[in-house]
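Take a moment with the sequence and the 3D view, then follow the topics below.

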Amino acid sequence: SRYFRLRFCRSLISLSETAGFIYLHAEEAASIPELAELVGREYGIEAAEVLPDVKAVVETLEKKGVLS
């Protein structure tokens, strides 16, 4: 099952390359740790190392209303 759902947003949001990757691949992940695995594989970094940043990006996108 999917953990995240993308939502329509009427405002412009500027994202870093990594945040954009997270946004584009959020629906493929069942959890934040799984999303960190995707990010880690893409950028050649251990998931545990990127997990805090992935959590922060997800929280920001949820606050902006583009992930739920």
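Rings of Phe, Tyr and Trp (its six-membered ring) form an aromatic pair if their centres lie within 6.5 Å; planes under 30 degrees apart count as stacked, over 60 as edge-to-face and the rest as tilted. The structure holds one such aromatic pair. Please keep in mind that this is a predicted model, in which local features need pLDDT of at least 70, side-chain atom pairs count only at pLDDT 80 or more, and totals for chains, interfaces and linings use all residues. Residues are numbered from 1 along each chain as its sequence is written, and side-chain values use heavy atoms, with hydrogens and water left out.

**The overall picture**

- The protein has three helices and zero strands, where helices (H or I, at least four residues) and strands (E, at least two) are DSSP runs, numbered from the N terminus.
- Along the sequence, the pattern reads α-α-α.
- Of the protein's 68 residues, 32% count as buried; buried means under 20% relative accessible area, exposed over 50%, and partly exposed in between (1.4 Å probe, protein chains only).
- The accessible surface comes to about 4,700 Å², and 49% of it belongs to carbon and sulfur atoms; such areas come from the Shrake-Rupley method with a 1.4 Å probe, and for residues only the protein chains shown count as cover.
- Among contacts (heavy atoms within 4.5 Å) between residues at least 6 apart in sequence, 53% join residues at least 24 apart.

**The aromatic pair**

- F21 and Y43 make up an edge-to-face aromatic pair, with 5.8 Å centre to centre and 75° between the planes.
- Because F21 lies in helix 1 (residues 17-25) and Y43 in helix 2, the pair ties together parts that are 22 residues apart in sequence.
- F21 counts as buried, at 12% relative accessibility, while Y43 counts as partly exposed, at 27%.

**Where helix 2 meets helix 3**

- The axes of helix 2 (residues 32-43) and helix 3 (residues 47-64) come within 8 Å and cross at roughly 115°; axes are lines fitted to C-alpha atoms, for helices over the stretch in contact, and angles run from 0 to 180 degrees between N-to-C directions.
- This crossing of helix 2 and helix 3 is right-handed: a crossing is left-handed if the near helix is turned anticlockwise from the far one by less than a right angle, and right-handed if clockwise.
- On the helix 2 side, I32, P33, L35, A36, E37, V39 and G40 take part, and they meet A47, V50, L51, V54, K55 and V58 in helix 3.
- The residues of this contact divide into ten nonpolar, one polar and two charged; Ala, Val, Leu, Ile, Met, Phe, Trp, Tyr, Cys and Pro count as nonpolar, Asp, Glu, Lys and Arg as charged, and the others, Gly among them, as polar.

**A36, a residue to look up**

- A36 lies in helix 2 and is buried, with a relative accessible area of 1%.
- Leaving aside neighbours within four places in sequence, A36 is in contact with A47, V50, L51 and V54.
- A36 and P52 are 16 residues apart in sequence and 8.8 Å apart in space, C-alpha to C-alpha.

**Helix 1 and the segment before it**

- A19, G20, F21 and I22 are buried in helix 1, and what covers the buried residues of helix 1 includes helix 2 and helix 3.
- L15 sits in the segment before helix 1 and counts as partly exposed, at 36% relative accessibility.
- Not counting residues up to four places away in sequence, L15 touches G20, Y23 and L61.
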